[in-house]
Amino acid sequence: MSVRVRVPTPLRRFTAGSEEVAAAGESIKSVIEDLERHHPGMRERLLDDKGEVRRFVNIYLNGDDIRFLDQLNSRVKDGDDISIVPAIAGGR
Amino acid sequence: MATIFQSSLRSPADASENPVPAARVTSALDLIGNTPLLEITKVTAGLLRPGVRILAKLEGFNPGGSVKDRPALSMIRAGLERGELRPGKVIIDSTSGNTGIALALVGAVMGYPVELVMAANVSRERKKTIEAFGAKPIFSDPLESSDGAIRVCRKIIAENPDRYFKPDQYNNEANARAHFETTGPEIWRQTHGQVTHFLAGIGTGGTVMGTGRYLKSRNRSIKVIAVEPDDALHGLEGLKHMATSIVPGIYHENELDDKIPIGTEDAYEMVYALGQVEGILVGQSSGAALLAAIKVARGLKEGCVVTIFPDFGDKYLSTNLWIGWQAWARERLPQLLKKWNP
């Protein structure tokens with residue numbers, strides 16, 4: 001399965017500045033593993049020591065927060081849109 | 001137990017040498033400043049030597065609910081004095097929340113319309129508060145964070161430059177000056193000149209620059225230390241990771257003695273701890289500030305470490321700050337309570 005992943009500014013240093021990258025996987029978890037393979041450093045930013053999504057990171061699958069779906073096990077299908085959105089806006 | 005240090009007296013914002021309680025004022029603007037210091041004693045139990053104290057300045061007591069009331073008032077007054085802000089103009093700025101609330105409050109009192117550009121993912125409470133003060137929110141792409149809001153704001157002004165007055169908190173020296181004239185003198189007075197270290201988170205850098213400059217003008221040996229997120233991707237609303245951000249014009253790192261990085265999850269857990277045993281509910285930037293203050297204080301034989309708690313926590317209750325709360329309360333809190341309440 002190939003999906004599109006929208007990358008927030010603070011993570012674009014791992015994607016050579018790209019706002020959007022392609023990734024493969026059957027679930028959000030495997031998509032993150034694929035991101036890590038092609039853009040090393042991403043997984044640690046997105047997941048904590050227990051392998052759960054960091055509290056200040058929101059991941060949206062076709063506009064839905066995966067915390068309200070099946071979390072990291074949420075299934076993805078070809079052509080899905082995934083957005084990684086920092087939970088806060090930074091700056092004052 | 002936590003104690004309010006020295007005095008919780010409140011007075012109008014001119015930070016005179018001999019403040020008197022403001023029993024009655026005629027404008028909410030007169031309630032800006034003169035916030036109390038709280039000595040943090042329980043979450044630091046067993047961590048500090050007897051001669052070391054940590055004091056937090058509770059900026060949530062400002063009428064707009066945050067430290068940002070100070071620079072907002074200062075920047076708008078400076079704009080009026082210079083003639084840049086006059087009747088018919090609209091106050092506009094990019095802000096993720098507290099400055100927006102403060103500008104909206106000051107604009108409401110002074111009778112000026114306010115428009116605020118913010119990333120669409122700022123907390124719901126902040127958006128609502130801004131609207132309650134009569135200001136108009138304009139939303140920018142949440143993926144582009146506060147830097148995206150800065151760019152959108154620049155574009156709006158470029159399309160209609162004569163319509164707007166932009167306080168520009170990132171580049172307006174009146175921001176840092178507010179702290180040189182009020183926050184710094186208050187801390188000096190409240191600690192009877194005994195402050196040895198001052199720490200503040202960096203968003204625009206106004207607080208740490210202005211307060212630090214004042215304190216160093218009174219005693220050059222006072223250490224001034226900035227607190228920042230440990231990574232570009234973080235959850236410390238209000239704070240900037242300087243190495244990967246647009247550096248504010250008022251931020252001069254060479255004036256700092258040190259800069260301490262803090263992890264988001266650690267700061268969140270400190271927020272939970274402060275609620276549980278110090279009886280104070282604050283935002284995540286306060287949790288980061290206290291963690292950094294503890295790091296500094298643990299290395300001292302004696303000292304008076306002052307930090308800023310920029311706001312209270314009520315406006316973050318619906319945010320990701322509280323996502324990990326239940327697991328923490330279940331797994332960590334019982335053993336911590338034994339330490340804090342032996």
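The legends below describe close-up views of a predicted model. Residues are numbered from 1 along each chain as its sequence is written, and chains are lettered from A in the order in which they are written. Because the model is predicted, local features need pLDDT of at least 70 and side-chain atom pairs count only at pLDDT 80 or more, whereas totals for chains, interfaces and linings use all residues.

**View 1. The open sheet of chain A.** Five strands are arranged in the order 2-1-5-3-4 with mixed pairing, where strands are DSSP runs (E, at least two residues) numbered from the N terminus and two strands pair if DSSP finds at least two bridges between them. Strand 2 (20-24) and strand 4 (64-65) of chain A stand at the edges, each with a single partner strand, so one side of each has no neighbour in the sheet. Strand 3 (residues 57-61) and strand 5 (residues 81-86) of chain A are antiparallel and joined over five bridges, with A:V85 of strand 5 as the bridge partner of A:N58.

View 2. Five of the five residues of strand 8 (residues 197-201) of chain B are buried (20 or more other C-beta atoms, placed from the backbone, within 10 Å of the residue's own), so the strand is largely enclosed by the rest of the structure. B:H197, B:L199 and B:G201 point one way, and B:F198 and B:A200 the other. Strand 8 of chain B pairs in the parallel sense with strand 11 (residues 302-309) of chain B over three bridges, B:F198 standing opposite B:V306. Five bridges join strand 8 of chain B to strand 9 (residues 223-229) of chain B, also in parallel, and B:A200 has B:A226 as its bridge partner.

Conventions. Helix = DSSP H or I, 4+ residues; strand = E, 2+ residues; numbered from the N terminus. Buried ≥ 20, exposed ≤ 12 C-beta atoms within 10 Å, placed from the backbone.
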